[in-house]
Amino acid sequence: MNTIHIPTPLRPFTDKKESVEVSGGTVGELLADLTRRYDGLRKHLYTDEGKLRNFVNVYLNDEDIRYLQREQTPVKPGDSLSIVPSVAGGAPTVTTPPEAEKASARAVPDLSQDEIKRYSRHLIMPEVGMDGQRKLKAGSVLCIGAGGLGSPAAMYLAAAGLGRIGIVDFDVVDFSNLQRQLLHGTPDVGRSKLDSARDRLRTLNPHVHVDTYDTSLSSENALELFEPYDVILDGTDNFPTRYLVNDACVLSGKPNAYGSIFRFEGQASVFAARNGPCYRCLYPEPPPPGLVPSCAEGGVLGVLPGIIGVIQATETIKLILGVGEPLIGRFLVYDALRMRFRELKLRKDPECPVCGTNRTVTKLIDYEQFCGLRPASEVQAGAPADDWEITATELKRRLDAGDDLLILDVREPNEYQINRIAGSTLIPLGELPRRYQELDPSREIITQCKVGARSARAAEFLHSVGFTKVKNLRGGIVEWIDQVDPSQPKY
Ligand SMILES: [Zn+2]
């Protein structure tokens, strides 16, 4: 026996079945068996001459039959066929995770006349309809961060009529945010992101209730903040918060609509520890600090969070409606350069420290420490800060005094093109282990990056290979520009 997946538009002709069991030795025989059972399908799939219509693609497993032997392609038992007409793709199956059942079971509010008009394109869809729209109105999401991912997610969720949207953020809108954080506009630069987000969401949809939390998410407040919400949408950009969100979601039983972005690549999944893997099943431990650069260090294509944030919003809506196939147990990887999506299977790890059988994490921990991050002043244990750090004004004074200092810029070449300290030498942090011999250990070296974190690691590395006269420029080039050379652009 073989399975044929039926796309949504053709299900009216298969008694609403999403898949049909058929038998035969070739693709053509399977399709013939299908149309024998459901005669109404025939005219949608075939022309009068009996040829497959050209807007209907048929895939055998993951392969388009046009690149195989078309209808003559032989099939093995267990192979599946997918019919993909040009209007739609995929083959959803309906599974409702238990987290979403709670939202579904709650008393749902009625819709006003205005809301009925506003959501009319939802209301005429059988998968949403009046009941679904009322579920959305009763539903709630907490967005961690009003940045690149939080922006598109919150905007689409507000527009879609999700009743309650919470946002946790403590940041202020900066010019460098505007390339991708569409919740904020140019006039918002300098305002709190929460104020800007609230205004934007209210303009989009005044029927939505927006809660703002002017705080950074911490082990102390996470469980309390998560409590009133159905879904947590992780839009964070750092590992400590990502693990904190994961663990707090597992401990409180909330689904985590996860997304992450870097340069041209995005990832998305739904971690729902009660019936699927969690983030720690995938990555039990964080990478060592510095191995994986942040967006601030590595950059991100401005449109990328638009794609990934909207995927997170889509999953949130599906969880609340209880429709479709959630991205649970699946890890979606999106490559914008190749314009390709890949899906990896995720499995629940029985040894997972937070959702496994012998869990060792039963309450929220210190995630900064867990991720190996300590305040900069503790990087070199035991040494007083002044011994290995130098401030921008002190560096300027010493340069003016004619001291022989080698300023080692460890940023990437494209960052160096934007701004630099005159006379500095560029060796990106990643190249330092194989290029440090180019440096003269007898000279005093000042390591420098954008804000001081990468250069602290560079200084630490140089110490470890025997350099004794190394200092780190505190606050990096940003502080240098602020305090010494405001003529240079900041990024
Ligand atoms: Zn887990």
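Is Lys16 buried or exposed? Lys16 counts as exposed, since there are 10 C-beta neighbours inside 10 Å. For the cut-offs, a residue is buried with 20 or more other C-beta atoms within 10 Å of its own, exposed with 12 or fewer, and partly exposed in between, the C-beta atoms being placed from the backbone.

Before going further, a word on ground rules. This is a predicted model, in which local features need pLDDT of at least 70 and side-chain atom pairs count only at pLDDT 80 or more, while totals for chains, interfaces and linings use all residues. Residues are numbered from 1 along each chain as its sequence is written. Helices (H or I, at least four residues) and strands (E, at least two) are DSSP runs, numbered from the N terminus.

Lys16 isn't a glycine, yet its phi is positive. Arg70 also has a positive phi without being glycine. Here they are side by side:

| Residue | Phi | Loop | C-beta atoms within 10 Å |
|---|---|---|---|
| Lys16 | about 65° | between E1 (2-5) and E2 (19-22) | 10, exposed |

**The eight-stranded sheet**

Next comes an open sheet with mixed pairing, its eight strands ordered E8-E7-E6-E9-E10-E11-E12-E13. Two strands pair if DSSP finds at least two bridges between them. At the edges stand E8 (209-213) and E13 (340-345); each has a single partner strand, so one side of each is left without a neighbour in the sheet. From one strand to the next, the twist averages 15°. Axes here are lines fitted to C-alpha atoms, for helices over the stretch in contact, and angles run from 0 to 180 degrees between N-to-C directions.

Zooming in, E6 and E7 run parallel and are joined by five bridges. Cys143 has Ile167 in E7 as its bridge partner. E9 and E10 are also parallel, with three bridges between them, and Leu233 is partnered by Ala257 in E10. As for cover, five of the seven residues of E10 are buried.

**Helices on and around the sheet**

H13 lies across E6, E9, E10, E11 and E12 (330-335), and runs at about 175° to E10. Contact means that the C-beta atoms of two residues, placed from the backbone, lie within 7 Å.

How do H6 and H13 meet, and at what angle? H6 (residues 129-138) and H13 (residues 304-321) pack at about 110°, with their axes 9 Å apart. The two helices are therefore roughly perpendicular to each other; that label covers angles of 65 to 115 degrees, with under 35 being roughly parallel, over 145 roughly antiparallel and the rest oblique. On the H6 side, Gly132, Lys135 and Leu136 do the touching, and they meet Ile317, Ile320 and Leu321 of H13. That contact divides into four nonpolar residues, one polar and one charged. In this scheme Ala, Val, Leu, Ile, Met, Phe, Trp, Tyr, Cys and Pro count as nonpolar, Asp, Glu, Lys and Arg as charged, and the others, Gly among them, as polar.

H7 (residues 150-160) is mostly covered, with nine of its 11 residues buried. Among the buried ones are Gly150, Pro152, Ala153 and Leu157. The buried residues of H7 pack against H6, E6 (140-144), E7 (164-168), H8 (193-204), E9 (231-234) and H13. Just after H7, Gly161 takes a positive phi of about 90°.

So what does Ala313 touch, leaving aside its neighbours within four places in sequence? Ala313, which sits in H13, is in contact with Pro152, Ala153, Tyr156 and Leu157. Ala313 is buried, with 27 other C-beta atoms within 10 Å. Ala313 and Pro152 are 161 residues apart in sequence, but their C-alpha atoms are 8.0 Å apart in space.

**The five-stranded sheet**

There is also an open sheet of five strands, in the order E14-E18-E17-E15-E16, with parallel pairing. Its edge strands, E14 (389-390) and E16 (425-426), each pair on one side only. Five bridges link E15 (residues 405-409) to E17 (residues 444-448) in the parallel sense, and Leu408 stands opposite Thr447 in E17.
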